[in-house]
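I opened this notebook page to record what I looked up, chain by chain and then residue by residue. The entries follow the order in which I checked things.

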Amino acid sequence: MPPILKRGIQPSDFPQLILILILILTVAMIWFDPIIVDERLDSKTLGSIVLLAVFGGLTFIDLFLSLGVTAALLAIFWTERRWYVVLGIGLMMPALIFLLFDQVFEIRFPRGVLTNLWYG
Amino acid sequence: MEAFLSGFISLGDPKLLLILLAATLGGVVIGALPGLNATNGAALLLPFTLSMEAIPAIASLVALYCSATFAGAITAILINTPGTPASATTCLDGYPLAQRGEAGRALGLAVVSSTIGGVLSVICLMLAAPLLARMAYQFSPPEYFALTLFGLSMLASIGEGSPPKNLISGAFGVFLALVGVDMLTSVERFTFGSHNLYDGIGFVPVMIGIFGISELIVQASSLDKKRERVSMKAVQLPNRDDYRKVWKTILRSSGIGTFIGILPAEGATVASMIGYNEAKRWSKTPEQFGNGAIEGIAGSEAANNAATGGAMVPTLALGIPGSATAAVILAGLMVHGIRPGPSMFTEQANFAYTIFWSMMLVNLMFLLVGLTGAKIFARITLIPTQVLWPCVFMISIVGAYALDQSMFDVWIVLISGIIGFFMRRYGFSVVPLAIGLILGEMLEQRLGQSMVMLDEKWWLMFTRPLSLLFFCLTIAALLGPVLWTKYLVRLFK
């Protein structure tokens with residue numbers, strides 16, 4: 001490192017300062033307001049987090065396929081039983097969002113099983 | 001003066017007017033939907049503004065901020081569920097009044113109070129921001145460092161969470177801001193060899209995650225809540241008796257809201273709580289509060305909308321966000337290459353005044369939208385959660401991807417969303433994280449510049465009057481929450 005850059009605080013100084021601060025604050029938190037885990041996650045919340053993880057895994061196949069499937073599953077999981085509503089959420093909405101971003105905002109999405117059909 | 005007038009003339013652009021109208025309508029819809037508020041609405045809108053020029057982009061964000069803050073009152077009054085946290089106190093008197101068959105009167109009063117509060121705060125913004133900016137011209141790095149530190153210390157007293165938890169959240173945000181290559185030395189920090197982290201963690205995906213996705217997970221646990229809407233014929237403007245009863249309350253709450261908004265990090269929620277309590281304290285009939293007192297609605301609504309203009313003062317003049325939504329707007333400014341601060345009022349004065357005038361216009365727009373369309377917006381409040389949130393999820397993900405067309409940003413949204421949910425679950429507010437993330441880089445830069453300027457004698461910072469003042473204010477802000485909590489407990493008793 002050139003000597004001129006050795007003046008003042010170094011790249012590692014400030015992060016260390018912040019980490020020490022977090023450590024001190026954690027001790028203060030334990031003392032004044034400790035974290036109390038009083039109840040377990042309910043099934044709907046846990047299931048929603050799992051669905052988000054499923055979405056993450058499916059993105060490797062196709063982003064929009066993954067979005068549609070996850071959104072539809074989320075709606076069903078959250079007690080939506082009307083098939084036309086689920087279809088609207090799983091098919092119509094992703095298609096509309098894709099067209100909006102592709103045609104209006106000119107965003108190019110990553111290639112996948114479905115997007116390849118559009119991009120050719 | 002020239003910029004003041006040219007900013008006003010800029011509003012004549014039909015494209016800008018159309019964008020403002022669309023953002024106002026969108027903001028009212030977002031504010032009216034329980035779970036969605038100005039902050040996560042602005043985070044969702046941000047990616048859509050990327051293809052716009054800076055003025056319409058930022059104007060649409062501030063339009064959404066103002067209109068969503070107002071629209072929280074619609075659900076507060078009609079379904080006893082605050083559309084935004086800032087409208088929680090509006091429920092206390094708005095819903096009882098609606099139950100008595102006076103929903104139209106309650107909404108009319110909320111619209112008028114919000115408009116007056118908003119307009120007065122924008123006038124204050126127009127006067128105070130340039131003055132503050134002129135003052136800030138005398139700041140050198142030590143003063144800026146002390147000021148940024150003061151801004152961060154104010155996070156201790158943010159509504160949710162205890163002071164230590166809020167400060168941990170803020171410090172974590174500052175820490176995240178340090179990820180990436182150090183600009184001065186080109187040393188990589190916490191990148192773990194990933195080129196995706198080379199430029200650091202983008203604050204927009206983090207905000208979409210912590211405000212949007214975390215709320216989605218929170219909503220999963222409230223699916224069983226039944227919402228019933230009180231019927232309403234039409235919105236009624238307040239009559240002369242109503243005005244006579246509430247004009248003092250509106251003016252007082254507007255002042256309170258503007259002042260609270262100007263304080264770094266304090267937003268509309270705190271403003272509405274104090275506005276409501278002061279309305280009750282000064283009322284001749286305090287016993288009617290909680291049973292449909294119109295002063296309660298006016299006090300709460302004027303204060304929360306006045307806080308929007310107030311919050312923009314430190315945001316634009318100093319680059320320190322005045323509220324959580326202002327932090328998202330600050331992120332929008334940075335994404336569009338605009339660095340808020342004193343120079344904005346000399347180098348980009350036209351931009352600044354166009355934004356001010358846009359805010360003024362939006363406050364008048366939602367008066368019209370509220371009076372004519374509240375009945376329609378009231379219907380939107382009953383969109384089922386299981387339909388709304390999967391759509392919000394898709395827009396969040398695609399919006400985050402669209403920023404840099406990077407799947408890495410999608411991952412950041414997901415991870416920060418889950419982290420944000422657990423933070424909220426265990427009592428940590430996510431707002432300090434967002435503000436810390438935005439201010440972190442600035443804080444480090446100013447400290448580095450100060451150390452070079454003062455020849456590494458850091459204690460000399462305390463010998464400079466202005467920086468010493470900010471350090472004292474920082475200590476006051478850190479000790480303040482203890483006294484503040486006692487004051488609020490006493491008021492609510």
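**Entry 1, chain A.** I noted before anything else that this is a predicted model. I counted five helices and zero strands in chain A, and reading along the sequence I wrote the pattern down as α-α-α-α-α.

I looked up the radius of gyration of chain A, which is 24 Å, whereas a compact globule of 120 residues would have one near 14 Å. The C-alpha trace of chain A spans about 60 × 50 × 25 Å along its principal axes. I also found that 28% of the 120 residues in chain A are buried, and that, of the contacts in chain A with a separation of 6 or more, 45% are between residues 24 or more positions apart.

I found 43 residues of chain A in contact with 44 residues of chain B. On the side of chain B that touches chain A, at least two residues each come from α7 (163-177), α8 (203-220), α15 (385-404), α16 (407-425) and α17 (431-453) of chain B. Which helix gives the largest share of that side? I found that α15(B) does, with eleven residues. Sorting the residues of this side of chain B by type, I recorded 30 as nonpolar, nine as polar and five as charged.

The largest nonpolar core has 204 residues, and the members that touch the most others are B:V62, B:I77, B:M207 and B:A434. Helix α5 (residues 88-136) of chain B gives the most to this core, namely 21 residues. I then followed B:V62 and, leaving out residues up to four places away in sequence, found that it touches B:I329, B:I355, B:S358, B:M359 and B:V362.

I placed B:K248 in helix α9 (residues 240-262) of chain B. Is B:K248 buried, partly exposed or exposed? I put B:K248 down as partly exposed because 15 other C-beta atoms lie within 10 Å. Its C-alpha atom is separated by 9.9 Å from that of B:S283, which is 35 residues apart from B:K248 along the chain.

Methods. Residues are numbered from 1 along each chain as its sequence is written. Chains are lettered from A and ligands numbered from 1 in the order in which they are written. This is a predicted model: local features need pLDDT of at least 70, side-chain atom pairs count only at pLDDT 80 or more; totals for chains, interfaces and linings use all residues. Two residues are in contact if their C-beta atoms, placed from the backbone, lie within 7 Å. Helices (H or I, at least four residues) and strands (E, at least two) are DSSP runs, numbered from the N terminus. Ala, Val, Leu, Ile, Met, Phe, Trp, Tyr, Cys and Pro count as nonpolar, Asp, Glu, Lys and Arg as charged, and the others, Gly among them, as polar. A nonpolar core is a set of buried Ala, Val, Leu, Ile, Met, Phe, Trp, Tyr and Cys residues joined through C-beta atoms within 7 Å. A residue is buried if 20 or more other C-beta atoms lie within 10 Å of its own, exposed if 12 or fewer, and partly exposed in between; C-beta atoms are placed from the backbone. The radius of gyration is taken over C-alpha atoms; the globule rule is 2.2 Å times the number of residues to the power 0.38.
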